[in-house]
Amino acid sequence: PSSVQLLALAVLVSGSVTHAQQTVALPEPSTSEPAARPNQGQPAGAAIGESAHRFRLGLQGGVGLHPELVNVGVHANIGKLVAERLSFRPGLEIGLGEITTLLNINLDLLYAFKRETDSTRWIPYAGAGPAFGWSHEAVSATDVDDPDVTDEVEDRFNFSDTDSTVGLNVIFGMRTASGRFVEMKATAWGNSNIWL
């Protein structure tokens with residue numbers, strides 16, 4: 001190593017040694033006990049676990065019964081809002097069918113009928129919330145001269161000609177403590193559908 005590198009190393013080491021030898025005077029202990037903080041004595045991991053349990057992100061998939069669609073979506077579940085059993089679940093879902101494409105934004109409130117414990121396997125819940133939806137129908141036309149040739153008149157993901165609606169979701173389901181769930185959701189008005 002060059003002398004410049006050795007000099008730089010010596011400065012760094014001497015600075016660390018000097019810093020390690022400095023002492024810090026601790027304040028005298030007070031005779032009165034400070035007020036206990038809510039998380040005092042609670043490990044940091046428990047606080048992180050509580051936050052993760054309160055706020056979850058999830059994926060969902062299912063089928064729509066009328067019209068027949070395959071549904072995929074994402075949602076966030078924000079638990080313990082006003083009451084311990086009440087949670088807010090905003091979500092975004094897309095439904096793809098033979099000619100219909102749906103895009104929904106859901107703002108659902110869910111209420112769990114049982115309190116979650118370590119021994120609870122399934123927790124029944126119900127909920128409701130507004131659904132803001134857009135639907136589009138792609139229409140195909142068959143060539144009269146050659147029935148095997150189909151011309152796509154409109155693109156499936158071209159939302160320039162859409163119907164926008166507002167509906168009401170009504171939800172019944174069961175979930176596990178880990179977050180897996182099975183539910184039936186019916187949307188009244190708007191993009192009327194039943195999802196499983």
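In what sense do β5 and strand β8 pair, and over how many bridges? In this predicted model, β5 and β8 (residues 163-175) are antiparallel partners, joined over 13 bridges. The chain holds 2 helices and 10 strands, in the order α-α-β-β-β-β-β-β-β-β-β-β along the sequence.

**Strand pairing**
- Strand β5 (residues 123-137) also runs antiparallel to strand β4 (residues 100-112), with 11 bridges between β4 and β5.
- Opposite Thr-100 stands Glu-137 of β5.
- Trp-134 has Ser-164, in β8, as its bridge partner.

**Burial and contacts**
- The chain has 196 residues, and 24% of them count as buried.
- Of the contacts between residues at least 6 apart in sequence, 50% join residues at least 24 apart.

**Nonpolar surface patch**
- A nonpolar patch on the surface is formed by Val-63, Leu-65, Leu-168, Val-170, Phe-172, Met-184, Trp-189, Ile-194 and Leu-196, which together have about 810 Å² of accessible area.
- Two or more patch residues come from each of β1 (55-65), β8 and β9 (181-189).
- Strand β8 contributes the most to the patch, with 3 residues.
- Trp-189, one of the patch residues, belongs to strand β9.
- Trp-189 counts as exposed because its relative accessibility is 58%, and the cut-off for exposed is over 50%.

Conventions
Residues are numbered from 1 along each chain as its sequence is written. This is a predicted model: local features need pLDDT of at least 70, side-chain atom pairs count only at pLDDT 80 or more; totals for chains, interfaces and linings use all residues. Side-chain values use heavy atoms; hydrogens and water are left out. Two strands pair if DSSP finds at least two bridges between them. Helices (H or I, at least four residues) and strands (E, at least two) are DSSP runs, numbered from the N terminus. Buried means under 20% relative accessible area, exposed over 50%, partly exposed in between (1.4 Å probe, protein chains only). Contact means heavy atoms within 4.5 Å. Patches are made of residues with over 30% relative accessible area and no salt bridge: like charges are joined within 9 Å, nonpolar side chains (Val, Leu, Ile, Met, Phe, Trp, Tyr) within 5 Å. Accessible areas come from the Shrake-Rupley method with a 1.4 Å probe; for residues, only the protein chains shown count as cover. A salt bridge is a side-chain nitrogen of Lys or Arg within 4 Å of a carboxyl oxygen of Asp or Glu.
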